[in-house]
Amino acid sequence: MKSISRRSMIEISGLSAVGSLIGASTFSKFSRTTGNKLKIIVIGAHPGDPECGCGGTMALFASEGHEVVSAYLTRGGAGIQGKSYEEASQIRTEEALKACKILNTRAEFFAQLDGNCEITNKSYTEINNFIRKENPDIVFTQWPIDSHRDHRICSILGYDAWINMGKKFALYYYEVTSGNETQNFSPTNYINIGSVIKQKSASCMAHVSQDPEGWYVNIQNTIQRFRGIELNCEYAEAFVRHNQNPESLIPK
Ligand SMILES: [Zn+2]
């Protein structure tokens, strides 16, 4: 892991330890006062997953000059009725790129098959190598008991990389709620996304082929309002922090 100052680590710690106090101003602290640029990776099985669960958080980190990567296991080729796998992949890749541009993130795509993501030695190695090369400070991955198989595989691949890198980066899980996918999710951390809600909304609405009125406007928007009520703000995203994240190693 790249060396970051103790102060910076403490402020990352703040991200997890006092989650209910976290807002955009916190990001300002650890980027501008230390000069450290963080690397954040959000892994998702499909185009739209990172944006749905983390779009506001990604926009906030990016707005403070941190490097944010949206890593998609698939290009969502099974996701448009009446289109071939290749056609749908093309359309959804373009939508993902548009969303990343809105959030100021970099897109990375892997060659897993939509609806048929696999855990194999090869897929473990691929994601491990990617994350090792990127050397992130924070990784957000999907929740391990989402109803979608691909999400569960995404979750395990992120977790496996965390183990293999000696738990050096902070690992968080995010929720996606379209179609009742994330279940039994009791957040440990919240981020106030009110200041970037328009950016997040635009990034989700960029997935035109996926009926964003249905999953974003009608469902996800309700969830982020509800998370906002829990945090006592208008809109929030919620996360589960792995309790062995590296901030526990901060010297007293
Ligand atoms: Zn998905």
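This is a predicted model: local features need pLDDT of at least 70, side-chain atom pairs count only at pLDDT 80 or more; totals for chains, interfaces and linings use all residues.

Trainee: What geometry does the site of the zinc ion have?
Mentor: Irregular, with angles of 55 to 137° among its 4 donor atoms. Side-chain values use heavy atoms, with hydrogens and water left out, and residues are numbered from 1 along each chain as its sequence is written.

Trainee: Which atoms coordinate the zinc ion?
Mentor: His46 (ND1), Asp49 (OD), Asp49 (OD) and His151 (NE2), at 2.0 to 2.5 Å. Donors are N, O and S atoms within 2.8 Å of the metal (3.2 Å for Na, K and Ca); water is not among the atoms, so the site may look incomplete.

Trainee: And the spacing of the donors along the chain?
Mentor: The pattern is H-x2-D-x101-H.

Trainee: Is His46 buried or exposed?
Mentor: Buried, at a relative accessible area of 7%. Asp49 is buried as well, at 9%. Buried means under 20%, exposed over 50%, partly exposed in between (1.4 Å probe, protein chains only).

Trainee: Switching topic, how many residues has the largest nonpolar core?
Mentor: It has 29 residues, and Phe130 and Phe169 are among those with the most contacts inside it. Such a core is a set of buried Ala, Val, Leu, Ile, Met, Phe, Trp, Tyr and Cys residues joined through side-chain atoms within 4.5 Å.

Terms used:
Four donors count as tetrahedral if all angles lie between 85 and 135 degrees; four count as square planar and six as octahedral if opposite donors are over 155 degrees apart and all others between 65 and 115; anything else is irregular.
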